[in-house]
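Please look through the sequence and the model below before reading on.

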Amino acid sequence: MGKRGKSGGRSGRAPAGVVEVTKGTAVNGPVEGVYYIDTGDCELIADQDNSTGWLLKINGVMSSHIDLADPLFLDFEYMRWMAALIESRRPPSDASSEKLRGLHLGGGACSLARYFSAAYPDARQVVVELDGKLAEYVRGWFDLPKAPLLRIRVGEARAVTETLTAQTRDFIIRDVFAGAFTPRPLTTAEFNQQVKRVLAPGGLYVANSGDAPDLKNAREDAATIAAAFKHTVIIADPAMLKGRRYGNMVMAGSDVPFADDPQLRRRLLGGAVPAHLWDDAQVRAFAAGTPVRHDPTPPPSIAE
């Protein structure tokens, strides 16, 4: 589900089943076990249904899947939806897409970044990951493309976004979680303006929005993205759209319209979890009456 939790630091001897790797220790290929990272721990699990597949849990929450033999295989449905949407806008066969520039807010195992590196061999991508130790492990486990094709930048996603040069990314993906939800600073109107600033004309902002059946968080996310961008879409399975379960919605915004792409709709319906695509009018109807999120108002300064 791409959801991330946090836990406090740990000390003392590693318990049974925990792989303790000291700073600077080389990691060459994946080995099952629990590893200490800067924000808690992560667990690497061999995929029992795929001899070349690996699952990554972070602080007990399933985060990523990697197929070492096939970077174009995405096990998580919402990642497939994201890839399909971006490829609909910028087909890999299109010569103008050769040097696609992408920014991934939230790293995990870098599944989507690895996918796009395979689909667009000349793409330039940056992955922003809060946990430096996790980034070190992932580099060693999964043999990711090297810089400048794929760079992992350790830092907080909003702080890094605010430092980036304007109009330098063709797509930005937000897939950051603390527990069940995206941290609020990455969901506000002010953050969305930073995203718009960094996107090139015609660029695409794609967000993974997790929610419970009441859909309160999803409506607020949709309202805030719709307020920032002229054109929006939502991709999700029907049960999620009807508020019948907890899960993920993929939301996207752009300053240019989304084409009515029948091939995209067929691709979304063809997965193991068929998904529907809501157009801009449906997104705005879904978000109608929901307030836009804003950064907290700073307290007034006290004159000395």
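How many positive and negative side chains does the protein chain have, and how far apart do the centres of the two sets lie? The protein chain carries 36 positive and 36 negative side chains, with the two centres 3 Å apart, where Lys and Arg count as positive and Asp and Glu as negative, His and the chain ends not being counted, and where a charge is placed at NZ of Lys, CZ of Arg, CG of Asp or CD of Glu.

This is a predicted model, in which local features need pLDDT of at least 70 and side-chain atom pairs count only at pLDDT 80 or more, while totals for chains, interfaces and linings use all residues. Residues are numbered from 1 along each chain as its sequence is written, and side-chain values use heavy atoms, with hydrogens and water left out.

The pLDDT, which is the predictor's confidence in each residue on a scale from 0 to 100, averages 89 over the protein chain, and 90% of the residues score at least 70. Over residues 1-26, however, pLDDT stays under 50. Where pLDDT is low, the predicted coordinates should not be read in detail.

As for overall form, the radius of gyration, taken over C-alpha atoms, is 19 Å, which agrees with the value near 19 Å for a compact globule of 304 residues, the globule rule being 2.2 Å times the number of residues to the power 0.38. Buried residues, meaning those under 20% relative accessible area (1.4 Å probe, protein chains only), make up 51% of the 304 residues. The secondary structure comes to 9 helices and 13 strands, these being DSSP runs numbered from the N terminus (helices H or I, at least four residues; strands E, at least two).

Leaving aside neighbours within four places in sequence, L215 is in contact (heavy atoms within 4.5 Å) with M240, L241, G243, M249 and F286. The C-alpha atoms of L215 and V283 are separated by 13 Å, the two residues being 68 apart along the chain.

Elsewhere, G40 is found in strand β3, residues 40-46, and counts as buried because its relative accessibility is 5%.

Methods
Buried < 20%, exposed > 50% of the residue type's maximum accessible area, 1.4 Å probe, protein only.
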